[in-house]
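Open the model in your viewer and keep the selection tool at hand. This tour goes from one selection to the next.

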Amino acid sequence: MSLQLSIIFGILMGEMFIITLLVLPLGSNVRRSVVRLFNWTARKPTCNVTTYIVLGLVGLFFIDSFRSVNSARHTPVSNYDAAVNQQAYMKKFYNQRNMYITGATLFYAASIKCIINLINQILRNEEKLSKVAKVEHTTLDLQKLKEEIKSKDVQIEGLKRQLENLTKSYNELTPEEKSNKKDE
């Protein structure tokens with residue numbers, strides 16, 4: 001494998017590692033930090049330019065290998081010389097291998113972007129869900145407090161009735177005492 005293709009293969013392995021890391025069922029805090037790292041690198045202009053240049057070169061290699069595969073498809077096959085046939089088949093195999101590697105590299109680059117966008121949406125939805133859960137929790141707390149207030153109101157009404165009854169009974173007992181006080 002040539003140096004260029006070895007570098008592209010290394011990029012492909014790196015992309016596969018990144019996709020595996022993104023797809024693993026990690027906690028939301030770990031995912032948030034990974035996505036934050038990708039968003040931080042996406043905001044850096046040097047990272048963007050480097051990524052676009054590398055993907056452009058990989059795209060050019062893909063186009064070149066695609067063209068080579070199509071031209072190797074139309075090479076005539078000799079019925080008498082096996083060495084010529086073997087070389088033609090080897091050339092066709094190498095060109096197809098190069099096309100698959102560069103194509104997979106381009107595909108994984110696009111899929112990494114899509115996966116990061118999906119994870120961003122998941123994290124935003126989790127935040128919204130936690131806010132809604134907090135609101136529902138406070139709503140439940142408010143309902144419990146309202147029920148407590150109603151029960152306390154009932155208790156207060158009972159205490160008011162008890163106070164009225166006590167004052168009535170006190171007032172009934174007090175006329176005798178009032179007359180005793182007047183006699184003195």
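Helices here are DSSP runs of H or I with at least four residues, strands are runs of E with at least two, and both are numbered from the N terminus. This is a predicted model, in which local features need pLDDT of at least 70, side-chain atom pairs count only at pLDDT 80 or more, and totals for chains, interfaces and linings use all residues. Residues are numbered from 1 along each chain as its sequence is written, and side-chain values use heavy atoms, leaving out hydrogens and water.

**Stop 1: the annotated spans.** Now check 45–63: the span is 100% helix and 0% strand, with its end C-alpha atoms 27 Å apart. Residues 99–119 are also 100% helix and 0% strand, and there the end C-alpha atoms lie 30 Å apart.

**Stop 2: T51.** Go to helix α3, residues 45–73, and pick T51. Is T51 buried or partly exposed? T51 is partly exposed, at 41% relative accessibility (buried is under 20% relative accessible area, exposed over 50%, partly exposed in between, with a 1.4 Å probe and protein chains only).

**Stop 3: the salt bridges.** Side chains of opposite charge can pair when their charged atoms come close. The rule asks for a side-chain nitrogen of Lys or Arg within 4 Å of a carboxyl oxygen of Asp or Glu. The count by this rule is two salt bridges.

Show E127 and R32 first. Their side chains form a salt bridge at 3.9 Å, N to O. E127 sits in helix α4 (residues 82–183) and R32 in helix α2 (residues 28–43), so the pair ties together parts 95 residues apart in sequence. E127 is partly exposed at 38%, and R32 is partly exposed at 22%.

Next, show D64 and R67. This salt bridge spans 2.6 Å, N to O. Both residues belong to helix α3; being three residues apart, they are separated by about one helical turn. D64 is partly exposed, at 36% relative accessibility.

**Stop 4: a nonpolar patch.** Select F17, L21, L24, L26 and V30. Together they make a nonpolar surface patch of about 410 Å². L21 lies in helix α1, residues 3–23. L21 is partly exposed, with 31% relative accessibility. Patch residues have over 30% relative accessible area and no salt bridge; like charges are joined within 9 Å, nonpolar side chains (Val, Leu, Ile, Met, Phe, Trp, Tyr) within 5 Å. Accessible areas come from the Shrake-Rupley method with a 1.4 Å probe; for residues, only the protein chains shown count as cover.
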